[in-house]
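Open the model in a viewer and keep the selection panel at hand.

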Amino acid sequence: MLKLTLLIAAANLMISSPVLAAEPVGLSAQGLQDYRQFLAATPHRAFAMAPGGAWGWSAEAESAEAAFDKALSACQGGTPQKCVPYQVDSHVVFDAKAWPLLWGPYVSAAAAGKAATGTLPGQRMFNLTYHDAQGHAARLSDLKGKVVVLHIWGSWCPPCRLEMPDLARLAKSLDDRKDVAFVLLQTREPFDKAQRWAESQKISLALSDSGTRGSGDTHLSLADGSMVSDRDIAHNFPSSYVLDKHGLVVFAQSGPVPDWPQYEAFIRDVVKRAAK
């Protein structure tokens, strides 16, 4: 396979690069544990991963090419994001420079106008209504022209609580970007309860109010006056999306994101390359 041969050749050229000594970035504890199992497995073997923390691996394959294909397939089965190889046999083939570019390609304004509504990459996010951190009524569509990090969470949710400090660090690293907006919407609880928890933890994130008022309130409001089940947007809590300047999904994550700060480079790439 020509692609695999080129990747291994590039890895050999970079043999002194520090990336070769590092474990994969952005994996959960379970992902790192699987990577260590992969390292102990019998060749031919391959390990693949995707933004958001998905991974897959294969071992004891009949060839490096077969391991490569199986690892990519195993990874891709668990994520809508693009999976890329990290290691094949003893060769680390991860392209660190290309990693922050994986959320593309980005479409034109004309193509974006034809996108279907949904939560998958390339679809237009539901036009949710909420009250922003200043208490003003707002809609997601009001943020056209900005890259939006949309986060559905609850202070009652242990993974949500664990993720918040990392998300705050990402937001702080992007303070210089006025064309990046964070919309954090609580669900199944009153806004003041979510806000009190964040304040108690000294979480310096501007929270928005989804309008939900209690544990039995499982719907979010849309700009056309209708409602959508929170499970239609957040299959797990938390769930996160990054929307381009046209409101199209470029990143979708069901469940917590390991290592939010690493996505600063991804978001800056969306700001730079997404179509006007």
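This is a predicted model. Now show the buried residues of α5 themselves: Cys160, Glu163, Met164, Asp166, Leu167, Ala168, Leu170 and Ala171. At Met164 the helix has a kink of about 35°, shortly before Pro165.

Next, select Trp103, Leu128, Leu140, Leu150, Phe182 and Leu205. Within the largest nonpolar core, which has 68 residues, these touch the most other members. Centre on Leu140: leaving aside residues up to four places away in sequence, Leu140 touches Met125, Phe126, Asn127, Leu128, Tyr130, Val148, Leu150, Val183 and Leu243. A separate second core has 15 residues, among them Ala46, Ala66, Ala71 and Val93.

Move to the rings. The structure holds 17 aromatic pairs. One of them is Phe94 with Trp99, edge-to-face, with centres 5.4 Å apart and 65° between the planes. Phe94 is buried at 6% relative accessibility, and Trp99 is buried at 7%.

Then pick Trp103 and Tyr263. Their ring centres are 6.0 Å apart and their planes are at 5°, so this pair is stacked. Trp103 sits in the loop between β4 (91–92) and α4 (109–112), and Tyr263 in the loop between β12 (249–254) and α8, so the pair ties together parts 160 residues apart in sequence. Both residues are buried.

Last, select Arg45, which lies over the face of Phe38 at 5.2 Å from the ring centre.

Definitions and conventions:
Residues numbered from 1 in each chain as written. Predicted model: local features only at pLDDT ≥ 70, side-chain atom pairs only at ≥ 80, totals over all residues. Heavy atoms only, no water. Core = buried A, V, L, I, M, F, W, Y, C linked by side-chain atoms within 4.5 Å. Buried < 20%, exposed > 50% of the residue type's maximum accessible area, 1.4 Å probe, protein only. Contact = heavy atoms within 4.5 Å. Bend = angle between axes of the 7 residues up to and from the residue. Helix = DSSP H or I, 4+ residues; strand = E, 2+ residues; numbered from the N terminus. Phe/Tyr/Trp six-rings, centres within 6.5 Å; stacked < 30°, edge-to-face > 60°. Lys NZ or Arg CZ within 6 Å of the ring centre and 35° of its normal.
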